[in-house]
Amino acid sequence: MSQIRSFLAIDLDDDFKPKVNKIIKEFKKIDANIKFVDLNNLHFTLKFFGDIDTEGIDLISKKIEKVADDFEPFNIKISGCGAFPNNNHIKVIWIGVESDELLVQLHDKLDNEFAAIGFDKDKKFSTHLTIGRMKSAKGKNQVKDVIEEFENVEIGEMNISNIAFKKSTLKPSGPIYENLKTYDL
């Protein structure tokens with residue numbers, strides 16, 4: 001029985017990558033230990049499954065199809081910059097989403113379906129685009145300053161018309177994501 005590392009996500013439209021890259025470039029000017037997400041890998045995670053048995057892919061896929069059929073394409077507004085768990089203890093640097101009610105509904109319906117087949121429910125769901133992870137506190141104050149500089153940044157309005165079930169292969173150079181299947185809303 002083989003396993004794959006997988007997750008469910010919404011890819012960031014290519015149109016928004018230059019704006020996000022401008023923000024990343026500001027962080028890169030700082031002498032800090034930040035591992036940035038490759039622009040081609042930027043996504044909004046709906047569910048991280050971790051390692052799953054390949055036999056379970058069809059069952060998960062049926063659950064995704066069931067929920068996707070209940071949704072029409074919708075828009076989200078990408079804006080703001082922040083950190084998890086907070087600006088004083090930075091582990092993850094993110095770009096946020098406002099007007100995300102439908103995205104939260106989509107997540108919650110999917111989470112309920114996945115719980116019915118044995119996955120743990122997410123403790124707290126927060127719509128965000130991870131752009132980097134701090135590997136140490138080096139340069140923390142300058143990183144905090146850049147986060148605050150971009151806390152109200154406007155990236156734009158993105159149409160969500162599909163979601164992707166992805167396989168993640170971890171490599172020393174960074175993860176490689178491959179779509180197993182996409183689902184239209």
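Colleague: Leaving aside its neighbours within four places in sequence, which residues is His-43 in contact with?
Modeller: This is a predicted model, where local features need pLDDT of at least 70, side-chain atom pairs count only at pLDDT 80 or more, and totals for chains, interfaces and linings use all residues. Residues are numbered from 1 along each chain as its sequence is written, and side-chain values use heavy atoms, without hydrogens or water. Contact means heavy atoms within 4.5 Å. By that test the partners of His-43 are Phe-7, Ala-9, Ile-10, Asp-11, Leu-12, His-128, Leu-129, Thr-130 and Tyr-177.

Colleague: Nice list! Is His-43 buried or exposed?
Modeller: His-43 belongs to strand 3, residues 43–53 (strands are DSSP runs of E, at least two residues, numbered from the N terminus). Buried means under 20% relative accessible area, exposed over 50%, partly exposed in between, with a 1.4 Å probe and protein chains only. At 12%, His-43 is therefore buried.

Colleague: Where does UniProt place the feature "active site"?
Modeller: The unreviewed UniProt entry puts this feature at two histidines, though such annotations may be inferred rather than shown by experiment. They span 86 residues in sequence, yet no two of their C-alpha atoms are more than 8.4 Å apart, so they gather at one spot. The positions in the record are His-43 and His-128.

Colleague: Which backbone oxygen does the side chain of His-128 reach?
Modeller: His-128 is in strand 6, residues 128–134. Leaving aside neighbours within four places in sequence, His-128 has contacts with His-43, Phe-44, Phe-84, Trp-94 and Ile-95. The side chain of His-43 has a polar atom 2.7 Å from the backbone oxygen of Asn-41. For His-128, the distance is 2.7 Å and the oxygen belongs to Ser-126.

Colleague: What is omega for the peptide bond from Phe-84 to Pro-85?
Modeller: Phe-84 is among the contacts of His-128, and Pro-85 lies in strand 4, residues 74–86. The bond joining Phe-84 to Pro-85 is cis, with omega near -5°.

Colleague: Which residue takes a positive phi in the hairpin of strand 8 and strand 9?
Modeller: Strand 8 (residues 162–169) runs antiparallel to strand 9 (residues 176–184), and eight bridges join them; pairing needs at least two bridges in DSSP. Asn-162 stands opposite Asp-184. Six residues lie between the strands, and the one with phi near 130° is Gly-174.

Conventions
Helix = DSSP H or I, 4+ residues; strand = E, 2+ residues; numbered from the N terminus. Polar contact = N/O pair within 3.5 Å; in protein donor to acceptor, adjacent residues only side chain to side chain.
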